[in-house]
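Here is a brisk report on one protein chain. Look at the model, then read on.

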Amino acid sequence: MNIGPAISVIIPLYNEEERILNCLSSVTKQCIKDIEILVVDDVSIDNSVNIVSELASKDKRVKLICHAQNLGQGEARNTGIRQSSGQYIFFLDSDDFITRDGLKTLYEIATKYDSDIVIGKTISEVEVDGNYIRGAKYTVDLETYHDLIYNHSVWNKLFKRSFLSQNRIFFEPPKYGEDILFSLRTNMMANSISITTKSTYNYTWLGQVENVSKNKVTNARDNIIKTLLLVEENCSQSLIHDMRCKVARNAFSVMPRVTSVYDRSQIREYLKPWHEILSLMPDSVFSNIPEKHSKFCQSVIHEKYLEAYD
């Protein structure tokens, strides 16, 4: 019986002609060869598709799938999930790349410990959320290891495909910020999560402020609030407390992005959902976060919006 390749690597693609070849080369040159590489193009308008097509003609493991309309990164990943046949799934962003033995490292841990998820260490010029996790762990879950709530990137993780399909886990709308809910759901439902301190993924930082829009910042806000509500409905009190602290810190940390896309007259409207969720939090949350974050949250609660970031 054909059980498919060991790993399906899913790469959402949109206008990455300058970096996609480097990304793909890092996958085709992996130590582990039993893989399929699904590149899902989300209607690129540059030369990305031609670059992938040429490589696919030389390496049968590379498969190009093209969307008829632009649906966003989450739906591109969903298309990859549905068309994958590997025992495990690995998400790779088209401007990043994997270390030579990255997939082999994650796969060996997954098969040894029967892990639903394996998390690698990310190499980056800037702090990334995956690296908040300290030390190797091999059989943990969200309730026993709360640091996992800080890890909401989906790249640099190996997911057991049967685990995703049995739990019907896919990326949900909107187009931006979908990683947060996906990561929380997988972390909540996984029976066994493994973490390695070995570097397996290179995160590319372009050295510039991220291109943001009103949709991106508002959808990211809404998703992290949805994440908190999901935790409050399904998790222990200690995990709920940690998640509330994370949300309160996030309310402060996103303000530079907010002020880059909204004018002062629009700040009040943007902050209303933060006001609603922060007002329901106990004082113990604000005493357990940095003082500047706490002061900001209090100013939001007391509706001193325009003073909140001055």
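## The largest cavity

By class, how many nonpolar, polar and charged residues are in the lining of the largest cavity? The lining has 6 nonpolar, 5 polar and 1 charged residues. Keep in mind that this is a predicted model.

A search of the whole structure turns up 2 cavities of 30 Å³ or more. The largest holds about 70 Å³ of space. Its lining consists of Leu142, Leu148, Ile149, Asn151, His152, Ile180, Ser183, Leu184, Asn187, Thr227, Met243 and Lys246. Helix α6 gives the most, with 4 residues.

## Nonpolar cores

The largest nonpolar core has 60 residues. Within this core, Phe91, Trp274, Leu278 and Phe286 touch the most other members. Helix α8 gives the most to this core, with 7 residues. A second, separate core has 30 residues, including Ala6, Ile51, Val52 and Tyr107.

Leaving aside residues up to four places away in sequence, Phe91 touches Ile10, Arg77, Ile81, Val154, Trp155, Asn156, Lys157, Phe159, Phe171, Phe182 and Tyr201.

## Helix α1 and its cover

Helix α1 spans residues 20-28. Its buried residues are Ile20, Cys23, Leu24, Ser26, Val27 and Thr28. Residues three or four places apart on an α-helix point the same way, because there are 3.6 residues a turn.

What covers the buried residues of α1? The cover includes strands β1 (7-13), β2 (35-41), β3 (62-66) and β5 (97-98). Helix α2 (48-58) is also part of it.

## Cysteines

How many disulfides does the model contain? The count comes to 0. A disulfide is a covalent bond between the sulfur atoms of two cysteines.

Is Cys23 buried or exposed? Cys23 has 0% relative accessibility, so it counts as buried. Cys66 has 49% relative accessibility, so it counts as partly exposed. The cut-off for exposed is over 50%.

## Two positive phi angles

Most residues other than glycine have a negative phi. Asn15 is not a glycine, yet its phi is positive, at about 50°. Asn15 sits in the loop between β1 and α1. Its relative accessibility is 25%, so Asn15 counts as partly exposed.

Val43 also has a positive phi, near 65°. Val43 is placed in the loop between β2 and α2. With 29% relative accessibility, Val43 counts as partly exposed.

Key:
Residues numbered from 1 in each chain as written. Predicted model: local features only at pLDDT ≥ 70, side-chain atom pairs only at ≥ 80, totals over all residues. Heavy atoms only, no water. Disulfide = S-S within 2.5 Å. Buried < 20%, exposed > 50% of the residue type's maximum accessible area, 1.4 Å probe, protein only. Contact = heavy atoms within 4.5 Å. 1 Å grid on protein atoms, 1.4 Å probe; cavity = no way out; pocket = protein on both sides within 12 Å on 5 of 7 lines; lining within 4 Å. Points joined across faces, edges and corners; volume = space filled by probe spheres on them. Nonpolar A, V, L, I, M, F, W, Y, C, P; charged D, E, K, R; others polar. Core = buried A, V, L, I, M, F, W, Y, C linked by side-chain atoms within 4.5 Å.
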